Amino acid sequence: MKDIGGLYPAPVPAEIPSVRNAKLIATTGEKIAASFLQKNGYEILARNYRAGRRGEIDIVARSPEEQIIFVEVKTRTQEAPGITYGIPEIGFEAVDLRKQRKIKLVAQEFGAVESFSCRRWRYDVIVVLLPADDSRKSKEHVTHVENAFT
């Protein structure tokens, strides 16, 4: 490894996920998030709601309190025990101001198209942390933040 002023490049995981694997990971996380919401009394109204080029909302749901919830799901993987390449905080940070604006635009279109009567709505973020391997010894971890942004 070449010395560059005392700094060394960060180690690269042996296997970097392909685009196909990344899509599979994201889809898996969205399924887990939808199941999590349903178990907590939410009704799923739409999944992967797309508004043309404006963007997509991962999940649209109705809360037990009759609020419409627009949910952005971020899925991260734990590559090996003790080494996490996608801790939940990083998932939340991925929903930056630009992403928030896109979600709001798509939410407005959803409201216009579906013409729902509910005036109460909010934006939530769910981060799903998947275990390192497919064994059932470890379970996924779901972190749900209500009113993640306004």
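What follows is a conversation about aromatic pairs in this predicted model.

Trainee: How many aromatic pairs does the ring-centre rule give?

Mentor: The count comes to six aromatic pairs.

Trainee: Let's take Phe70 and Phe110. Why is this pair called edge-to-face?

Mentor: Happy to walk through it! The ring centres of Phe70 and Phe110 are 5.9 Å apart, and a pair needs centres within 6.5 Å. The planes stand at 85 degrees, and over 60 counts as edge-to-face. So the pair Phe70 and Phe110 is edge-to-face.

Trainee: What makes this pair tie together parts apart in sequence?

Mentor: Phe70 belongs to strand β3 (residues 68-77), while Phe110 belongs to helix α3 (residues 97-114), so the parts tied together are 40 residues apart in sequence.

Trainee: And how do you know whether Phe70 and Phe110 are buried or exposed?

Mentor: Buried means under 20% relative accessible area. Phe70 has 1%, so Phe70 is buried; Phe110 has 4%, so Phe110 is buried.

Trainee: Why is the pair of Tyr123 and Phe149 called stacked?

Mentor: Their ring centres lie 5.0 Å apart and their planes are at 10 degrees. Planes under 30 degrees apart count as stacked, so Tyr123 and Phe149 are a stacked pair. Tyr123 sits in strand β4 (residues 121-130) and Phe149 in strand β5 (residues 141-149), so the pair ties together parts 26 residues apart in sequence.

Trainee: What makes Tyr123 and Phe149 count as buried?

Mentor: The cut-off again is under 20%. Tyr123 has 10% relative accessibility, so Tyr123 counts as buried, and Phe149 has 6%, so Phe149 does too.

Trainee: Which residues form the aromatic cluster?

Mentor: Tyr49, Phe70, Phe110, Trp121, Tyr123 and Phe149 form one cluster.

Notes. Residues are numbered from 1 along each chain as its sequence is written. This is a predicted model: local features need pLDDT of at least 70, side-chain atom pairs count only at pLDDT 80 or more; totals for chains, interfaces and linings use all residues. Side-chain values use heavy atoms; hydrogens and water are left out. Helices (H or I, at least four residues) and strands (E, at least two) are DSSP runs, numbered from the N terminus. Buried means under 20% relative accessible area, exposed over 50%, partly exposed in between (1.4 Å probe, protein chains only).
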